[in-house]
Amino acid sequence: MNPQNLPAVLREVRARMARAAAAAGRSAHSVTLLAVGKAQPLELLAAAADCGVTDFGESYLQEALAKIAALRSRALTWHFIGRIQANKTRPIAEAFSWVHALDRTKVAERLAAQRPRAAPPLNVCLEVNIAGEASKGGVLPELLPDLAAAVAHLPRLALRGLMCIPPEESEPARQRAWFARLRGLRDDLNAAGYSLDTLSMGMSADFEAAIEEGATIVRLGTVLFGARPR
């Protein structure tokens, strides 16, 4: 991928997002495109910003901090979407607007304590290990209510919703089944008194199925920027 090709790629991706939203009776504006820039060169992110992308997701902290500093003059929203190490919460709390992979009370407590008081609350999504896969992070579904209760009472955090990385599936119906399960967990929490408005689900291979099941944020990297450089 080179920056000159990005406008056409973005138009196609946005058109696919709009078609998936329309199929579910939703507005295309109800879904945020989160451009995942991990391991991608800075010039591609700058080109995406030039095309109107405002939300960027990063997983590698030091790389992300350098990109945030380099693009500081632009009005961008930065999301940390990677696994959070407890000893690295301070720079995440200070530099990002969103955290998508919160799955431990200890980490939540550190983020709350280290969020600058002059900054707005840090938006957080709880990561759910929707299929109980040992290789992935996330809270198990049966433990989700306890984690939500703990996070909701912490200062300086805004509990916004849920996130998942489901098993890879090639059939759209099977993709949708996992996303429907996460939506159901969100609905259960809202029925219990929460006000969660965010479902961070869907990546390059399955974002259309996620949108059809209610995704409000889709995390797209490869489909936008091509394969990550080695």
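This report walks through the overall build of a predicted protein model and then through a few of its residues.

## Ground rules

Residues are numbered from 1 along each chain as its sequence is written, and side-chain values use heavy atoms, with hydrogens and water left out. Because the model is predicted, local features need pLDDT of at least 70 and side-chain atom pairs count only at pLDDT 80 or more, while totals for chains, interfaces and linings use all residues.

## The whole protein

The protein has nine helices and eight strands. Both are DSSP runs, numbered from the N terminus: helices are H or I with at least four residues, and strands are E with at least two.

How far does the C-alpha trace span along its principal axes? The spans are about 45 × 40 × 30 Å. The radius of gyration is 17 Å, which agrees with the value near 17 Å for a compact globule of 230 residues. That radius is taken over C-alpha atoms, and the globule rule is 2.2 Å times the number of residues to the power 0.38.

Buried residues make up 48% of the 230. Buried means under 20% relative accessible area, exposed means over 50%, and partly exposed lies in between (1.4 Å probe, protein chains only).

The protein exposes about 10,600 Å², and carbon and sulfur atoms supply 50% of that area. Accessible areas come from the Shrake-Rupley method with a 1.4 Å probe; for residues, only the protein chains shown count as cover.

Contacts come next. A contact means heavy atoms within 4.5 Å. Among contacts between residues at least 6 apart in sequence, 59% join residues at least 24 apart.

The mean positions of the 28 positive and 23 negative charges are 6 Å apart. Lys and Arg count as positive and Asp and Glu as negative; His and the chain ends are not counted. Each charge is placed at NZ of Lys, CZ of Arg, CG of Asp or CD of Glu.

## An aromatic pair

A search of the whole structure finds two aromatic pairs. In one of them, the ring centres of F80 and F96 are 5.3 Å apart and the planes lie at 75°, so this pair is edge-to-face. F80 sits in strand β3 (residues 77-80), and F96 sits in the loop between α4 (89-95) and β4 (98-102). The two are 16 residues apart, and the pair links distant parts of the chain. F80 and F96 are both buried.

The rule covers rings of Phe, Tyr and Trp (its six-membered ring) with centres within 6.5 Å; planes under 30 degrees apart are stacked, over 60 edge-to-face, and the rest tilted.

Which residues of helix α2 (residues 42-50) are buried? They are L44, L45, A46, A47, A48 and A49. Their cover includes α1 (6-23), β2 (55-58), α3 (61-70), β3 and α9 (222-225). After α2 comes G52, with a positive phi near 100°.

The loop between β1 and α2 holds A39 and Q40. A39 has a positive phi near 70°, and this residue is not a glycine. Q40 and A227 are 187 residues apart in sequence, but their C-alpha atoms are 8.8 Å apart in space.

V36 lies in strand β1 (residues 32-36).

## Other residues

Q114 belongs to helix α5 (residues 105-114). Beyond its neighbours within four places in sequence, Q114 is in contact with T89, R90, A93 and E94.

R156 is in the loop between α6 (144-152) and β6 (157-163). R156 has a positive phi of about 70°, although this residue is not a glycine.

D206 lies in the loop between β7 (198-200) and α8 (207-212). With neighbours within four places set aside, its contacts are P166, Q175 and F179.

How accessible are these residues? The table lists them.

| Residue | Relative accessible area | Class |
|---|---|---|
| Q40 | 5% | buried |
| V36 | 10% | buried |
| Q114 | 12% | buried |
| D206 | 14% | buried |
| R156 | 19% | buried |
| A39 | 25% | partly exposed |
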